[in-house]
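Visitor: I have a structure to look through and some questions about it. Can you put it up?
Guide: Here it comes.

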Amino acid sequence: MKKRILTGITTTGIPHIGNYIGAIRPALKMASSSDESFFFLADYHSIIKNQNATEIGTSVESIALAWLSCGLDPDRSYFYRQSDVPEILELSWILNCITAKGLMNRAHAYKAASSLNTNDPDKGITMGLFSYPILMAADILMFDSTHVPVGSDQIQHLEMTRDIATRFNYLYSELLTIPEPIIQDNEKVVLGLDGRKMSKSYGNVIPLLDTEKKLKKSIMKIVTNSLEPGEPKDSSNCTVFDLYQNFAGEDSVKEFQTLYDEGISWGEAKEKLFDVINSELVPIRSKYEELSQNKEYINDLLSDGSKKARIIAKEKILKIREKIGINKIS
Ligand code: TRP
């Protein structure tokens with residue numbers, strides 16, 4: 001059976017180095033070894049948590065540009081916006097009708113939100129948040145995806161997708177492909193400027209698509225201890241060292257360790273970190289600058305991507321409709 005990988009990118013925020021290390025780079029690497037790959041902008045997922053239209057628009061744009069700049073090849077992969085493939089929403093409703101409410105009650109994201117409430121357990125909880133896993137199942141099952149690369153926080157959603165697909169297949173017929181999750185085994189938390197996990201909500205991110213000058217400025221802000229030059233430095237629990245490892249080869253990391261033992265100054269260590277990150281980002285940045293001059297091209301590219309994806313989606317949804325009895329009167 002063909003290996004078809006699919007992954008969704010929720011369009012919130014502006015891409016940072018943590019997204020690059022944890023999601024973009026490994027997913028693109030995996031795409032190059034798969035028969036077929038699908039990457040899509042999960043814009044209908046993003047409106048669950050964010051009702052600011054301007055922010056959603058900005059985020060869609062910068063995330064699309066980031067993936068393309070980092071090497072996503074739209075000729076070899078399917079690259080589209082979820083909202084441009086309405087069959088996904090249609091499938092989502094169909095799946096809503098066979099999914100037990102009890103299954104959704106167990107979703108971590110929903111439970112976490114309702115556990116914050118004291119009196120009314122439903123305060124601030126929308127149906128979108130509650131049924132989020134069903135929309136995700138539709139994204140995946142629409143295209144008979146065989147493998148879904150996800151972060152460990154998404155494992156439960158994948159299990160739910162498998163449950164929902166199994167139920168559909170049991171009720172109607174074996175029509176949906178049961179997907180396998182691919183959990184990034186080297187998944188390690190990427191540290192941010194203050195040493196906590198790099199995350200937009202902590203305000204500690206190093207942006208991916210900024211100028212060289214801003215990148216440097218950002219790296220110089222990484223919090224370190226106050227050891228003087230000449231004093232040996234500990235590379236464990238060190239944000240600078242940690243980030244360095246994500247960009248340098250084995251030999252360079254060994255050399256960097258020696259420099260730590262010899263008491264490299266924090267200023268120099270950060271310079272070295274900047275060099276190694278920057279050299280990987282130079283081609284990405286120049287592609288980004290080129291693409292951001294040409295928004296029409298990006299729109300056309302996404303529109304072509306959804307046309308390609310819809311050929312598959314339309315065929316599939318017709319088969320599904322037929323199985324559930326939504327078809328021509330004969
Ligand atoms: N929920 C995923 C996340 O937050 C994004 C996503 C939406 C997704 N649909 C998907 C991931 C389908 C994989 C497959 O990261």
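Visitor: Let me start with a single residue. Is Ser226 buried or exposed?
Guide: Ser226 is exposed, with a relative accessible area of 69%. Keep in mind that this is a predicted model.

Visitor: Where does Ser226 lie?
Guide: In the loop between α10 and α11. Its C-alpha atom is separated by 45 Å from that of Asp73, and these two residues are 153 apart along the chain.

Visitor: What about Asn237, where is that one?
Guide: Asn237 is in the loop between α10 (212-220) and α11 (239-245). Asn237 counts as exposed, at 81% relative accessibility.

Visitor: What is phi at Asn237?
Guide: About 55°, which is positive, although Asn237 is not a glycine. Most residues other than glycine have a negative phi.

Visitor: Which value does phi take at Asp144?
Guide: Phi of Asp144 is near 50°, again a positive value in a residue other than glycine. Asp144 sits in the loop between α8 (132-141) and β4 (147-150).

Visitor: Let's switch to the rings. How many aromatic pairs are there?
Guide: The count comes to 14 aromatic pairs. Take Phe38 and Tyr80: the ring centres are 6.4 Å apart and the planes are at 85°, so this pair is edge-to-face.

Visitor: Which strands hold Phe38 and Tyr80?
Guide: Phe38 is in strand β2 (residues 36-42) and Tyr80 in strand β3 (residues 77-81). The pair links distant parts of the chain, 42 residues apart.

Visitor: And is Phe38 buried or exposed?
Guide: Phe38 is buried, with a relative accessible area of 0%. For Tyr80 the relative accessible area is 0%, so Tyr80 is buried.

Visitor: What other pair could I look at?
Guide: Tyr110 and Phe130 form an edge-to-face pair, 4.8 Å centre to centre with 75° between the planes. This pair links distant parts of the chain, with Tyr110 in helix α6 (residues 108-115) and Phe130 in helix α7 (residues 127-130), 20 residues apart. Tyr110 and Phe130 are both buried.

Visitor: Back to Phe38. Which residues form one aromatic cluster with Phe38?
Guide: The cluster holds Phe38, Phe40, Tyr78, Tyr80 and Phe143. The ring of Tyr78 also has the charged end of Lys308 over it, 4.8 Å from the ring centre.

Visitor: Which ring does the charged end of Arg25 sit over?
Guide: The ring of Phe247, and the distance to its centre is 5.2 Å.

Visitor: New topic: the ligand. How many residues surround the ligand?
Guide: There are 14, and the closest are Gly8, Tyr132, Met136, Asp139 and Gln154.

Visitor: What polar atoms come up there?
Guide: In the side chain of Tyr132, an N or O atom is 2.7 Å from a nitrogen atom of the ligand. The side chain of Asp139 also has an N or O atom 2.7 Å from a nitrogen atom of the ligand. For Gln154, a polar side-chain atom lies 3.0 Å from a nitrogen atom of the ligand.

Visitor: Now a helix. Where does α13 bend?
Guide: Helix α13 (residues 266-292) bends by about 40° at Leu281. A proline, Pro283, follows within four residues.

Visitor: Which residues of α13 are buried?
Guide: Among them are Trp266, Phe274, Asn278, Leu281 and Arg285.

Visitor: What do the buried residues of α13 pack against?
Guide: Against α1 (17-31), α3 (53-69), α10, α11, α12 (250-261) and α14 (295-324).

Visitor: Which residues does Ala64 touch?
Guide: Leu41 and Phe79, not counting residues up to four places away in sequence. Ala64 is in helix α3 and counts as buried at 1% relative accessibility. Its C-alpha atom and that of Asn299, 235 residues apart along the chain, are separated by 9.8 Å.

Visitor: Last one. Is Gly192 buried or exposed?
Guide: Gly192 counts as buried, at 1% relative accessibility. Gly192 is found in the loop between β5 (180-183) and α10. Leaving aside neighbours within four places in sequence, Gly192 is in contact with Lys197, Met198, Asn204 and Thr239.

How values were computed:
Residues are numbered from 1 along each chain as its sequence is written. This is a predicted model: local features need pLDDT of at least 70, side-chain atom pairs count only at pLDDT 80 or more; totals for chains, interfaces and linings use all residues. Side-chain values use heavy atoms; hydrogens and water are left out. Rings of Phe, Tyr and Trp (its six-membered ring) pair if their centres lie within 6.5 Å; planes under 30 degrees apart count as stacked, over 60 as edge-to-face and the rest as tilted. Helices (H or I, at least four residues) and strands (E, at least two) are DSSP runs, numbered from the N terminus. Buried means under 20% relative accessible area, exposed over 50%, partly exposed in between (1.4 Å probe, protein chains only). A charge sits over a ring if NZ of Lys or CZ of Arg is within 6 Å of the ring centre and within 35 degrees of the ring normal. The bend at a residue is the angle between axes fitted to the seven residues ending there and the seven starting there. Contact means heavy atoms within 4.5 Å. A residue is near a molecule or strand if one of its heavy atoms lies within 4 Å of it. A polar contact is a pair of N or O atoms within 3.5 Å; within protein, one must be able to donate a hydrogen and the other to accept it, and residues adjacent in sequence count only if both atoms are side-chain atoms.
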